[in-house]
Amino acid sequence: MSESDNNTPGSLHPDTLAVRAGQERSAQMEHSEALYPTSSFVFRDAAEAAARFAGESPGNIYSRFTNPTVRMFEKRLAALEGGEACVGTASGMSAVLATCMALLGQGDHIVAAHGLFGTTTQLFDNHLSRFGIEVDYVHVTDLAAWRKAVRPGRTRMLFLETPTNPLTEVADIASLAQIAAESEALLVVDNCFCTPALQQPLALGADLVIHSATKYLDGQGRCVGGAIVGNQALVGEQVYGFLRSAGPSMSPFNAWVFLKGLETLSLRMQAHCRAAMTLAQWLVQQPGVEKVHYPGLESHPQHALAARQQRDFGGIVSFELAGGKAAAWRMIDSLALFSITANLGDTKSTVTHPATTTHGRLSEQARQEAGIVPGMVRLSVGLEDVRDLQDDLARGLAAV
Ligand SMILES: *Cc1c(COP(=O)(O)O)cnc(C)c1O
């Protein structure tokens, strides 16, 4: 690791890294990380400019390439995920795009999980497909299906999220890493729902971790951003190389917000998990609620795997109402505290109807295959007092 990490030896624990890793103090000796809102950097003379551009002397040139605030965020997130290199991006989707554009070529094949974040599926099916990249979808928990879908010599990437949205199904990362290694494909894990506070895919054998920093890394619903973490060759060189040419770079301001978000990530995740568990256990007992999806429940099909692979069970809970779409909409419209909004991972609790919003663009068949029934409601449990959230849900259920 580089010179600026000398204040963060590898032996430090994650909560210390979240607060301390990656900081580079300026000559002003600021205590809190500095924000550098500048598009370019000045050279002492023409020779220094030439050396920078030639790559012969290290340092900043232009903020599409590097920016000190963005670099501090990247180093901190790399430390938390246990990766050698990290690059920040303008959004979670540009992290997915940059990964695919940097590491795939015409004729390559991806095996991905059904029910990925809707826009990721759109990107694969409507855009990457135009460049000769093919995608096959399998059920995220079906290891035999993953193995069978791999095309020897053509499959370059296995792509998944775990837990999934909104069903909270849990993928076996270590087993999938083995399948990926056997087929010389890269295992890419979108770690948005767990964050490094709960799960470190790289330690389980994944090659790359993708983040929508928009969600829990910010944690307060302010900025859109993303990141990719992995080894130096894949991320520090290939993905970074694409990014500096293509341009979806992270803004310094957003990086600063995410940097401060990382400092409280672990504490926030603990609180999100605790409240989500309380609400999941309560929802199970409510009449009219047919099914609750939460990995922390012993009834969850991958409860044991989640307990092994994750530090806790996350802040996302979904459930199915007996009355279908009408009941789901009536319940959602009767809530006073939960915000009806597309974001998740916010201090404010949010509620969505997946079948008509996040997964509304899927075909009826794809939605059925993904198990997203019309009566499903998804909660992102925030940091309000859980008693108030429970009262709000009780009000919603009573209206159905
Ligand atoms: C939101 C989200 C994305 C996309 O991130 P943006 O920051 O909105 O571009 C990707 N994956 C998952 C799992 C998400 O929830």
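**Entry 1: strand S1**

I began with S1 and found both faces covered: Ala85, Val87 and Thr89 on one side, and Cys86 and Gly88 on the other, are all buried. I took buried to mean under 20% relative accessible area, exposed over 50%, and partly exposed in between, with a 1.4 Å probe and protein chains only. Strands (E, at least two residues) and helices (H or I, at least four) are DSSP runs, numbered from the N terminus.

I noted that the model is predicted: local features need pLDDT of at least 70 and side-chain atom pairs count only at pLDDT 80 or more, while totals for chains, interfaces and linings use all residues. Residues are numbered from 1 along each chain as its sequence is written, and side-chain values use heavy atoms, with hydrogens and water left out.

I then looked up the partner of S1. Strand S7 (residues 226-230) pairs with S1 in the antiparallel sense over 5 bridges; two strands pair if DSSP finds at least two bridges between them. Cys86 has Val229 in S7 as its bridge partner.

**Entry 2: the whole chain**

I recorded 14 helices and 12 strands for the protein chain. Its radius of gyration is 22 Å, close to the 21 Å that the globule rule gives for 400 residues, so the chain is as compact as a globular protein of that length. The radius is taken over C-alpha atoms, and the rule is 2.2 Å times the number of residues to the power 0.38. Of the 400 residues, 56% count as buried. Among contacts between residues at least 6 apart in sequence, 72% join residues at least 24 apart; contact means heavy atoms within 4.5 Å.

**Entry 3: the sheet with S11**

I traced an open sheet of 5 strands in the order S8-S9-S12-S11-S10, with mixed pairing. Its edge strands are S8 (289-293) and S10 (339-340), each pairing on one side only. S10 and S11 (residues 350-352) pair in the parallel sense over 2 bridges, and Ser339 stands opposite Thr350 in S11.

Thr352 is also in S11, and its relative accessible area of 5% makes it buried. Its C-alpha atom is separated by 8.6 Å from that of Ser339, 13 residues apart along the chain. Beyond residues up to four places away in sequence, Thr352 touches Ile332, Thr341, Ala342, Thr357, Met376, Val377 and Arg378.

I found His359 in the loop between S11 and helix H13 (364-369). Is His359 buried or exposed? At 2% relative accessibility, His359 counts as buried. Residues that His359 touches include Asn165 and Pro166.

A cis peptide bond joins Asn165 and Pro166, with omega about 0°. The bond from Thr162 to Pro163 is cis as well, with omega near -5°. Pro163 is in the loop between strand S4 (155-161) and helix H7 (173-182), and Pro166 is found in the loop between S4 and H7.

**Entry 4: positive phi**

Most residues other than glycine have a negative phi, and most peptide bonds are trans. Met29 is in the loop between helix H1 (14-20) and helix H2 (46-53), and counts as exposed at 59% relative accessibility. Glu184, not a glycine, has a positive phi of about 55°. Glu184 lies in the loop between H7 and strand S5 (186-190), and is exposed at 69%.
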